[in-house]
Amino acid sequence: MKRVYHTSTLLSIVGRRLLRAQQQQAPHNRVTKSISYALRSLAKMATYEEIKDVPNHPEVYLIDVRNKDELASTGAIPASINIPLPELEAAFKMPDNDFKTNFNRPKPTEETVLIFSCLKGGRAQKAADMAVEKGFKNAKPYPGSWTEWAQKEGL
C-alpha cells in the first residue's frame with residue numbers, strides 16, 4: 001500500500017533520517033533517497049492554491065468525504081462533490097451510469113486526478129489511501145481541507 005503523509009510527518013521523517021545518517025555516517029546516496037522519497041510524498045498532497053483552481057479544471061475531481069449533516073452546517077468548497085467516506089468504496093464500484101446519475105459527473109478512471117477533502121484532513125487522507133489501494137494513480141488528500149479553505153476564504 002502506498003502511503004501519503006502530512007507535511008509535519010514528512011519533515012519529522014526527513015529530520016530523523018538525516019540525523020540517523022549523520023550519526024552512522026551513511027553514504028550520500030542513502031540520504032538522497034530518503035529525502036527524495038519524502039519530497040515525492042509531499043508532492044502527492046493538494047494545496048489551497050490547487051483547490052482554488054479546481055473550478056477551472058473539470059477533469060479534476062474534488063471529493064468531500066464529510067457526512068451530509070457536516071456539509072449542511074459548514075458549506076462546501078466550490079466544485080466539490082460529496083461522497084461520505086463510508087460510501088466511497090461503493091461509489092467507486094457503481095456502474096458508470098449510476099455514478100453519473102448520483103453525482104452528476106462521469107465515473108472517474110484510474111488516471112483521473114482525485115483530490116479528497118474533509119473537515120481537517122484525516123478522513124481525506126484515509127480516502128486517498130483507499131483510492132490508491134483501489135488502483136487510482138492520481139489520488140491525493142487536501143491536508144488543510146475545509147478548515148484551511150474557510151480560514152483563507154474568510155468564512
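In β3, the bridge partner of Y61 is L114. The model is a predicted one: local features need pLDDT of at least 70, side-chain atom pairs count only at pLDDT 80 or more, and totals for chains, interfaces and linings use all residues. Residues are numbered from 1 along each chain as its sequence is written, and side-chain values use heavy atoms, with hydrogens and water left out.

First, the overall picture. The protein chain has 8 helices and 4 strands. By helix I mean a DSSP run of H or I with at least four residues, by strand a run of E with at least two, and both are numbered from the N terminus. In sequence order the pattern is α-α-α-β-α-β-α-α-β-α-β-α. The protein chain has 155 residues, and 40% of them are buried. Buried is under 20% relative accessible area, exposed is over 50%, and partly exposed is in between, with a 1.4 Å probe and protein chains only.

In what order do the 4 strands lie in the open sheet? The order is β2-β1-β3-β4, with parallel pairing. Two strands count as paired if DSSP finds at least two bridges between them. β2, residues 80-82, and β4, residues 138-141, are at the edges with a single partner strand each, so one side of each has no neighbour in the sheet. From one strand to the next, the twist averages 30°. Axes here are lines fitted to C-alpha atoms, for helices over the stretch in contact, and angles run from 0 to 180 degrees between N-to-C directions.

Going through the pairings: β1, residues 60-64, and β3, residues 113-117, run parallel and are joined by 5 bridges. Along that pairing V60 is opposite V113, and L62 is opposite I115.

How many of the 5 residues of β1 are buried? The count is 5 of 5, so β1 is largely enclosed by the rest of the structure. Side chains in a regular strand alternate between the two faces of the sheet. In β1 both faces are covered, with V60, L62 and D64 on one side, Y61 and I63 on the other, and every one of them buried. For β3 the count is 4 of 5, so that strand too is largely enclosed by the rest of the structure.

Next, what packs around this. Helix α7, residues 122-133, lies across β3 and β4 and runs at about 165° to β4. In helix α8 there is S145, which at 0% relative accessibility counts as buried. Leaving out residues up to four places away in sequence, S145 touches S117, C118, L119, K120, G121 and A124. Its C-alpha is 5.6 Å from that of L119, although S145 and L119 are 26 residues apart in sequence.

Last, the rings. Phe, Tyr and Trp rings (the six-membered one for Trp) pair if their centres lie within 6.5 Å; planes under 30 degrees apart are stacked, over 60 edge-to-face, and the rest tilted. The count is 3 aromatic pairs, and I will show two. The ring centres of Y48 and W149 are 5.5 Å apart and the planes are at 45°, so this pair is tilted. Y48 is in helix α3, residues 48-52, and W149 in helix α8, residues 145-153, so to speak a link between distant parts of the chain, 101 residues apart. Y48 and W149 are both buried. F99 and F103 form a tilted pair as well, at 4.8 Å centre to centre and 50° between the planes. These two are 4 residues apart in helix α6, residues 96-103, about one turn of the helix. F99 and F103 are also both buried.

To return to Y61: R105 lies over the face of its ring, 3.8 Å from the ring centre. The rule is NZ of Lys or CZ of Arg within 6 Å of the ring centre and within 35 degrees of the ring normal.

Key. Contact means heavy atoms within 4.5 Å.
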